[in-house]
Amino acid sequence: MNVEWLSLAIDWGVLGLLALLSVVVVAIGIERAMYFRGVDVNGAADAKALELALTRRLFVIASVASNAPYVGLLGTVLGIMLTFDRMGHGAVVDTGQIMSGLALALKATAAGLVVALVAVSLYNALLRKTNVLLLEWEIAHAR
């Protein structure tokens, strides 16, 4: 059975998806940071409307943060399956092939963790800024 497609699925599918997710997270993070700089908390009439505006798209960052390790784990499982398949079809077990298969698997895990760490850090920073702006609104509108 030819499982070279599995190697391509790990390289282009899993790692490509993680790269795309990281670009999306950074783009949303930059957009939100720029939006926060221009927010006039005194101009907002309602705290709930302000909160809705401030938290827009933060769920995407949180979703990537919680799911990127699982995407990396999927790549790990596929890489180990590929390694075992190569071992099973070879009459002689080549340690070089085993190590390259395991390295591919670990590369997917590492990429998933890096994407998750970046997303969690961005989410926490943006959530903190959201809370600060909401508190500033409450202070300005205290009666």
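Arg32 sits in helix α1; helices here are DSSP runs of H or I with at least four residues, strands are runs of E with at least two, and both are numbered from the N terminus. This is a predicted model, in which local features need pLDDT of at least 70, side-chain atom pairs count only at pLDDT 80 or more, and totals for chains, interfaces and linings use all residues. Residues are numbered from 1 along each chain as its sequence is written, and side-chain values use heavy atoms, with hydrogens and water left out. The protein chain has four helices and zero strands.

**Overall shape and surface**

- Reading from the N terminus, the elements of the protein chain follow the order α-α-α-α.
- The radius of gyration of the protein chain is 22 Å, well over the 15 Å that the globule rule gives for 143 residues, so the chain is more spread out than a compact globule. That radius is taken over C-alpha atoms, and the globule rule is 2.2 Å times the number of residues to the power 0.38.
- Along its principal axes, the C-alpha trace spans about 80 × 20 × 20 Å.
- Of the 143 residues, 33% count as buried. Buried means under 20% relative accessible area, exposed means over 50%, and partly exposed lies in between, using a 1.4 Å probe and protein chains only.
- The accessible surface comes to about 8,600 Å², and carbon and sulfur atoms hold 69% of it. These areas come from the Shrake-Rupley method with a 1.4 Å probe, and for residues only the protein chains shown count as cover.
- Among contacts with a separation of 6 or more, 86% are between residues 24 or more positions apart. A contact means heavy atoms within 4.5 Å.

**The nonpolar core**

- The largest nonpolar core has 30 residues, and those with the most contacts inside it are Leu18, Leu50, Leu54 and Ile61. Such a core is a set of buried Ala, Val, Leu, Ile, Met, Phe, Trp, Tyr and Cys residues joined through side-chain atoms within 4.5 Å.
- Two or more residues of this core come from each of α1 (4-37), α2 (47-54), α3 (58-89) and α4 (95-140). Helix α4 gives the most, with nine residues.
- In soluble globular proteins, nonpolar side chains tend to be buried together.
- Leu50 touches Val39, Val41, Ala44, Leu133, Leu134 and Trp137, leaving out residues up to four places away in sequence.

- Arg32 counts as buried because its relative accessibility is 1%.
- The side chain of Arg32 makes a polar contact with the side chain of Glu31 at 2.9 Å. A polar contact is a pair of N or O atoms within 3.5 Å; within protein, one must be able to donate a hydrogen and the other to accept it, and residues adjacent in sequence count only if both atoms are side-chain atoms.
- Not counting residues up to four places away in sequence, Arg32 touches Ala53, Leu54, Thr55, Arg56, Arg57, Leu58 and Leu126.
- Arg57 itself belongs to the loop between α2 and α3, and with a relative accessible area of 33% Arg57 is partly exposed.
- Phi of Arg57 is near 70 degrees, a positive value in a residue other than glycine. Most residues other than glycine have a negative phi.

**The aromatic pair**

- The structure holds one aromatic pair. Tyr35 and Phe36 form this tilted pair, at 6.3 Å centre to centre and 55 degrees between the planes.
- Rings of Phe, Tyr and Trp (its six-membered ring) pair if their centres lie within 6.5 Å; planes under 30 degrees apart are called stacked, over 60 edge-to-face, and the rest tilted.
- Phe36 is buried at a relative accessible area of 5%, whereas Tyr35 is partly exposed at 30%.

**Other places to look**

- Thr83 is in helix α3 and is buried, at 3% relative accessibility. Apart from its neighbours within four places in sequence, Thr83 is in contact with Ile98, Gly101 and Leu102.
- Ala65 is also found in helix α3 and is buried, with a relative accessible area of 13%. Setting aside neighbours within four places in sequence, Ala65 is in contact with Ala116, Ala119 and Val120.
- From C-alpha to C-alpha, Ala65 and Glu4 are 30 Å apart in space and 61 residues apart in sequence.
- Trp5 lies in helix α1 and counts as exposed, at 55% relative accessibility. Trp5 and Ala19 are 14 residues apart in sequence and 20 Å apart in space, C-alpha to C-alpha.
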